[in-house]
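Subject: Structure handover

Hi,

Here is the structure I promised to pass on. Could you load it and keep it open while you read my notes below?

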Amino acid sequence: RLHPPTSKTMLRGKSRLNVEWLGYSPGLLVEQRQLLAARTPRSPRRTESSLASTLKTLLFFTALMITVPIGLYFTTKSYIFEGALGMSNRDSYFYAAIVAVVAVHVVLALFVYVAWNEGSRQWREGKQD
């Protein structure tokens, strides 16, 4: 907050400088010190649980990234494109590959969504300390 200069906030000396215009005021510095003193350090337990949660999420999506596209590729190639739609072997490879690529993008999008929400949740929990 910017306040108009007052005689109390002016420094004396060669250059007259309004301390509040720079964002520093004696009251603000005291308030920050009190907030820092009242803040409790994060417990190592919370950091470990956060790390374990992040690792579980990463491993889960790694498994999804491997199994879902490969599984969809062979499933759609055999049962949908060749079986149900009667496509040739060459055409079914092409369309099954497209399905696998779309599956990779869906898994990546889900990972980004989950990671974003997990990070913002942890940030909010840390903010409430």
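**The salt bridge**

Lys77 and Glu82 join their side chains in a salt bridge, at 2.6 Å from N to O. By that term I mean a side-chain nitrogen of Lys or Arg within 4 Å of a carboxyl oxygen of Asp or Glu. One salt bridge is what a search of the whole structure turns up.

Before you go further: this is a predicted model, so local features need pLDDT of at least 70 and side-chain atom pairs count only at pLDDT 80 or more, while totals for chains, interfaces and linings use all residues. Residues are numbered from 1 along each chain as its sequence is written, and side-chain values use heavy atoms, with hydrogens and water left out.

**Around Lys77**

Lys77 sits in helix α2 (helices are DSSP runs of H or I, at least four residues, numbered from the N terminus). Lys77 is buried, at 9% relative accessible area, whereas Glu82 is partly exposed at 28%. Here buried means under 20%, exposed over 50%, and partly exposed in between, with a 1.4 Å probe and protein chains only. Leaving out residues up to four places away in sequence, Lys77 touches Leu72, Glu82, Asn89, Ser92, Tyr93 and Ala96; a contact is heavy atoms within 4.5 Å.

**Around Phe81**

Phe81 is also worth a click. Phe81 belongs to helix α2, which runs over residues 44-84, and Phe81 counts as buried with 11% relative accessibility. Its contacts, again without residues up to four places away in sequence, are Thr76, Gly86, Met87, Ser92, Tyr95, Ala96 and Val99. For Phe81 and Tyr95, 14 residues apart along the chain, the C-alpha atoms are 7.6 Å from each other.

**Surface patch and annotated spans**

Tyr95 turns up again in a nonpolar surface patch with Phe94, Ile98, Val102, Val106 and Leu110, and together they have about 540 Å² of accessible area. Patch members have over 30% relative accessible area and no salt bridge, with nonpolar side chains (Val, Leu, Ile, Met, Phe, Trp, Tyr) joined within 5 Å and like charges within 9 Å. The areas are Shrake-Rupley values with a 1.4 Å probe, and for residues only the protein chains shown count as cover. Phe94 lies in helix α3, residues 89-127.

The unreviewed UniProt entry annotates residues 55-74 and 94-116 as "transmembrane region"; such annotations may be inferred rather than shown by experiment. Residues 55-74 are 100% helix, with end C-alpha atoms 29 Å apart. Residues 94-116 are 100% helix too, and their end C-alpha atoms lie 33 Å apart.

Cheers

Conventions:
Helices (H or I, at least four residues) and strands (E, at least two) are DSSP runs, numbered from the N terminus.
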